[in-house]
Structure formats: structure tokens, C-alpha cells
Amino acid sequence: MYINNVKFAKSAHRIDSELVLESVERIQEIGEYKGTIKYTLEGGVDRLNRPTLILSIYGIISALCQNCLQPLEFSIENQTPITIFFNEDQLDAALFSESESDVSDGVLAEDEFDVVQLVEDEVIMLLPYAAKHDSCIGLSYHDEVESPFNVLKQII
Ligand SMILES: [Zn+2]
């Protein structure tokens, strides 16, 4: 989905849509993350009258615990204001300057701004480095697999 991001912001447009994780190759390369992320992109201007996109995402993700390899679920939820800049220098100055900046994220003005790419980037940023149960039973899963009882079951 492509938008002119400046026009979208200035005319306060809004998109409500979903991202299905199973269909995103970049995310599947990171891990077996499954689920549907709902997102809303809203246009507006900030207090300095700069065009701004507000991206809200919410979803419940299924993954495999990297400790016990059993399924787990976790939710992600985030809202980020993204300021649109008209040239690279302004963007860099806002994002990387030492001085106080009220810009948390920024993009360049584009006629064909890729909304799905933006949402994917945001989801990837929020994914845990290695998904794990909060209180993981850990090795007991492997112990269970190796237990004489299970071995016996397989023989029978
Ligand atoms: Zn676990």
C-alpha cells in the first residue's frame, strides 16, 4: 500500500488494516512468529505544523519459546509519531542531533511511501530478540522426552 505521505498527513487521512505475520518473509526469517497485527496510520500535523504520521499497532503473536521450544504467546502494542521531513539534512538533524529533539521517529517526504514496509519495520523492532516464557519450565520438557516412560511408550 503506497501513499503520498505529506498529502496523507495534511489531509488527516486514516488507514485501518492488518498485517499477517506468516506472510512477511523478513519476519519469518527471524523466527516462527505467527499472528495478525492490527494497525492504524493517522495523518496530522505536530505543534510545529510539520506533517506527521501516527502509527498504532496491536497484536498477539505466537512463537516458540527459545528455551523449551514450546509455544508461547505475547502481545505487542505501540504508538509512534513519525515526523515527515523534506530533506535528508533536516531528518538527520532531528534524529541524530545532540540537542533536545521532540522527534521520536522520522521519514522523508515521498509520493509513494510504503505503508506496509513501515508497519513491518515497526513490528520487527518490537519483536523480542529471543522469545521466552516469563517463567519457563526449561529443561523439564527435554527431560520428559527422554524419560523412560516415553521411551517405553515408543517401544510398545
Ligand atoms: Zn519455555
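Student: How many bridges join strand E2 to strand E3, and do they run parallel or antiparallel?
Tutor: This is a predicted model, so keep that in mind. Seven bridges join E2, residues 14–20, to E3, residues 36–45. The two strands run antiparallel.

Student: Which residue stands opposite glutamate 18?
Tutor: Lysine 38, in E3.

Student: And how do E3 and E4 pair?
Tutor: In the antiparallel sense, over nine bridges. E4 covers residues 51–64. Take isoleucine 37: its bridge partner in E4 is glycine 59.

Student: What's in the hairpin of E3 and E4?
Tutor: Five residues lie between the strands. Asparagine 49 in that hairpin takes a positive phi near 65°.

Student: New topic. How many residues does the largest nonpolar core have?
Tutor: It has 20 residues. Those with the most contacts inside it are Leu19, Leu21, Tyr39, Leu55 and Val119.

Student: Which elements give two or more residues to it?
Tutor: Helix H1 (5–10), E3, E4 and helix H4 (115–126). E4 gives the largest share, four residues.

Student: What is leucine 55 in contact with, leaving aside neighbours within four places in sequence?
Tutor: Tyr39, Leu41, Thr80, Ile82, Leu118, Val119 and Glu122.

Student: Zooming out, how many helices and strands are there?
Tutor: Six helices and seven strands. From the N terminus, the order is β-α-β-α-β-β-β-α-β-β-α-α-α.

Student: What share of the chain is buried?
Tutor: Buried residues make up 17% of the 156 residues.

Technical notes. Residues numbered from 1 in each chain as written. Predicted model: local features only at pLDDT ≥ 70, side-chain atom pairs only at ≥ 80, totals over all residues. Pairing = 2+ DSSP bridges. Core = buried A, V, L, I, M, F, W, Y, C linked by C-beta atoms within 7 Å. Buried ≥ 20, exposed ≤ 12 C-beta atoms within 10 Å, placed from the backbone. Contact = placed C-beta atoms within 7 Å.
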